Amino acid sequence: MKFRQLTALFIVVVIIAFTAIGCTSPGTEESNAPKENVHKEGNQEEVITLKIYAQYSDDDTRIPYDYAVEQLKDAYPNVKLELDIQAQDDGQKLQIYAATGNLPDIFQVGTSQIKTLKESDNILVLDDYVKSTGFDKKIHPSAENLLWNQDGHAYAFPYAGNELVLLYYNKAIFEEHGVKVPETYEDLKEAVVKFKEVDIIPLSIFAKEKWITTALYDVFATRLEAGGIKKLDEGKGSAKEKSYVEAANRLHELVKLGLLADGATNMNYDQAASLFYEGKAAMFINGQWEIQASTEKLGENVDWMFYPVFSEKPEAKYAFAGGAASGGYAVSPYSEHKDLAAEVAAFMSEKYCEAKYLYRANPLLALKIDPSLEPIEKFPPMMEKLANELPNIKSTTAFAWGLTEPKFKVAIEDQSQFLLTPGYTPEEFIEELEKTVERLKK
Amino acid sequence: MQKFFSNKKAIAIFVLPSLILFIVVVFYPLIQIFIKSFYEWNGLSKGTFIALENYTRLFEDSTFETSIKNGLIFATFLTIYQIGLGTILAFAASNIKTKTGGFFRIVYFLPVVLSVTVVCQLWLSVFNAEYGLLNKLFEILGIDFSQDWLSDRNNAIFVVAFVNAWQYLGYQFALILAGIKSIPTHYYEAAQIDGASPLQAHLKITIPMLAETYRFCLVLAITGGLNAFTQMFIMTNGGPGTSTYTLTYMMYSSAFRAGEYGYGMASASFLVIQCLIATIVINKLIARERIVY
């Protein structure tokens with residue numbers, strides 16, 4: 001009995017000890033260390049720590065961030081960034097930060113979040129800083145619309161340019177089964193039927209993520225309406241217009257023919273991408289940032305195709321889905337060092353672009369790149385092809401995160417995912433979408 | 001002790017901390033939910049009073065209808081699976097007098113202590129339409145019953161409900177088993193002398209004596225079903241489309257994805273009222289009087 005009591009006592013003491021250690025804040029640890037917010041010996045300059053809320057989850061976000069931070073050390077030796085990794089949560093964490101008055105000094109923000117934050121005075125107007133930092137001179141003329149909001153003010157320093165939705169395909173599979181790379185909707189239909197016959201998934205999609213289902217519908221919508229879903233987001237059209245109805249009908253027709261893998265709406269990126277890389281799927285849909293990963297996995301066997309056109313509008317070949325979003329690095333109006341934070345935000349944005357160009361083979365950027373800089377590796381052939389075609393592209397739309405109206409974003413995301421299930425009808429899709437469009441017009 | 005209970009100040013001092021905590025953490029937010037449901041509010045700015053507009057919109061919204069239906073399906077599924085199977089397993093475990101009884105008690109309770117994320121990932125692998133264990137099993141057995149388990153708008157909610165029911169079955173099992181253990185054995189001895197079979201003894205003694213335990217289990221299962229969220233958040237993201245939305249998910253989607261906090265609060269208010277009514281009805285109808293033999 002005594003042994004048991006002793007054991008219990010020991011366990012309780014251990015638990016309390018570990019809990020106490022766990023509850024110790026990092027601040028306690030640092031309290032003995034020399035404070036950084038003190039004057040440095042030598043240059044007598046104060047080290048200022050700025051909190052930054054930014055993406056840092058994969059190579060496409062980690063590499064540019066690390067590069068920008070390294071460059072910052074030289075340009076602003078008195079600034080230290082404290083990174084808070086952005087959650088993939090539709091901006092919930094940022095909203096909570098704003099609601100509780102804890103906004104970081106600098107934060108990455110999307111188009112729809114800008115709307116909410118500016119309505120509640122939780123985002124700094126950067127008009128003056130755009131000029132003082134020379135950001136307006138560095139931005140590509142084609143990306144000016146990303147810098148300036150619809151109300152004429154700048155709220156974030158953008159870095160991403162006009163990114164696009166691409167339809168990738170495995171050349172070897174198409175050749176092996178004698179399938180023509182689809183140029184029209186009819187070709188695509190024929191390809192779907194042929195691939196199904198030989199037990200190959202025609203199109204792999206990570207449709208558990210609703211932005212890509214939105215992008216797929218947008219690809220079809222741009223066949224007859226160059227504005228795609230962006231036009232509806234801006235409240236300019238109706239979901240009952242022929243272009244949107246036809247897009248829904250034809251996409252659904254292909255879904256019923258077996259366009260997608262079983263359980264596609266529950267598939268994540270890794271699962272969908274592996275189907276494509278392993279040669280189990282003939283096509284794959286993603287943004288142009290997929291170029292590098294696909295090239296690494298499939299080498300010369302991978303390419304992207306123009307979206308197949310509808311016979312009613314063959315000239316839609318150069319109408320692309322995707323586009324730029326007026327997001328980027330924003331600054332809190334309540335930052336203790338808001339002038340410095342705005343400067344650093346502009347700097348980070350510029351260096352982010354540089355890193356994407358140098359290390360991620362991505363020339364689709366918001367800012368001009370110093371011509372003396374050369375990419376570390378040669379652009380993959382698919383990127384070369386895209387770069388050559390860029391001047392011919394007549395229109396782009398928007399990715400889900402680039403939509404300005406969050407209510408429309410939720411509706412199109414939910415409904416486009418629904419449309420990819422055979423049990424849902426295009427009529428239901430149009431009716432539900434139209435309800436939201438009508439509500440937003442009121 | 002008698003003296004302590006007559007000292008009102010002492011009672012107030014001891015009750016006050018938990019009362020304050022309850023008011024701050026539960027009561028105040030609950031009141032705020034109802035107040036904000038009458039506003040058009042983006043969660044940050046002041047908001048505009050729009051009276052009952054959010055509620056009238058709720059009744060015109062097909063997602064609301066789906067959410068209500070899914071909540072009821074979820075609650076019914078949990079009740080039947082957890083209380084039904086929990087009762088059978090508890091009866092069986094209570095009859096095992098050897099050490100294996102303890103083993104079963106641990107095994108049945110094990111999923112309860114596992115992380116929800118782990119459990120959901122486990123079942124996601126089982127229900128995967130392409131590589132899932134379940135479809136492969138049907139394939140091996142030559143049964144043509146492979147399904148798109150989580151991508152079918154009609155079936156997905158049942159699959160998600162099953163995962164929740166499976167994980168928390170052990171909790172209901174433990175409650176029922178504890179109830180069984182608290183029944184004095186001499187009732188069974190008396191029944192045995194009167195010639196009752198074990199089944200008759202359970203039907204006439206155990207189940208009626210467990211009425212209060214069942215009442216508690218029922219409240220847990222039904223309110224747990226009505227406000228289910230985590231499983232659909234991890235497994236389906238409310239999809240395909242909106243087919244696995246519940247009122248809680250609808251609140252989340254409206255408030256955090258669409259930035260319509262007022263509308264989200266309206267669905268939350270409806271959920272609170274729904275759970276309250278369910279609890280009151282269960283308490284009124286079940287175990288109204290304590291059974292004493």
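In chain A, strand β1, helix α3 (residues 59-75) and strand β2 together form a right-handed β-α-β unit, where helices (H or I, at least four residues) and strands (E, at least two) are DSSP runs numbered from the N terminus, and where right-handed says that, with the strands pointing away from the viewer, the path from the first strand over the helix to the second runs clockwise. This is a predicted model, in which local features need pLDDT of at least 70 and side-chain atom pairs count only at pLDDT 80 or more, while totals for chains, interfaces and linings use all residues. Residues are numbered from 1 along each chain as its sequence is written, and chains are lettered from A and ligands numbered from 1 in the order in which they are written.

Within that unit, β1(A) (residues 48-54) and β2(A) (residues 79-85) pair in the parallel sense over 7 bridges, two strands being taken to pair if DSSP finds at least two bridges between them. Across this pairing A:Lys51 stands opposite A:Glu82. Strand β1(A) is also joined by 2 bridges to the parallel strand β3 (residues 106-109) of chain A, and there A:Ile52 stands opposite A:Ile106.

Chain A is divided into domain 1 (48-155 + 325-381) and domain 2 (165-323 + 396-441), with bounds that come from an automatic or database domain assignment. The C-alpha centres of these two domains of chain A lie 30 Å apart, and 11 residues of domain 1 are in contact with 14 residues of domain 2, contact being counted if the C-beta atoms of two residues, placed from the backbone, lie within 7 Å. On the domain 1 side of this contact, helix α5 (residues 111-119) of chain A provides the largest share, 3 residues.

Strand β4 (residues 165-170) of chain A runs antiparallel to β6(A) and is joined to it by 5 bridges, with A:Leu167 partnered by A:Ile285. Strand β5 (residues 201-204) of chain A runs parallel to β6(A), with 3 bridges between them, and here A:Ser204 has A:Phe284 as its bridge partner.

The largest nonpolar core has 132 residues, and those with the most contacts inside it are A:Ile205, A:Ala281 and A:Ala345; such a core is a set of buried Ala, Val, Leu, Ile, Met, Phe, Trp, Tyr and Cys residues joined through C-beta atoms within 7 Å. Helix α16 (residues 338-359) of chain A gives the most to this core, with 11 residues. Both domain 1 and domain 2 of chain A give residues to this core, so it lies between them.

Finally, the contact between the chains takes 26 residues from chain B and 28 residues from chain A, and helix α13 (residues 247-257) of chain B supplies the largest share of the chain B side, 3 residues. In α13(B), 11 of the 11 residues are buried, so this helix is largely enclosed by the rest of the structure. Its buried residues pack against α4 (92-99) and α18 (406-419) of chain A, together with α4 (62-95), α12 (230-235) and α14 (261-285) of chain B.

How values were computed
A residue is buried if 20 or more other C-beta atoms lie within 10 Å of its own, exposed if 12 or fewer, and partly exposed in between; C-beta atoms are placed from the backbone.
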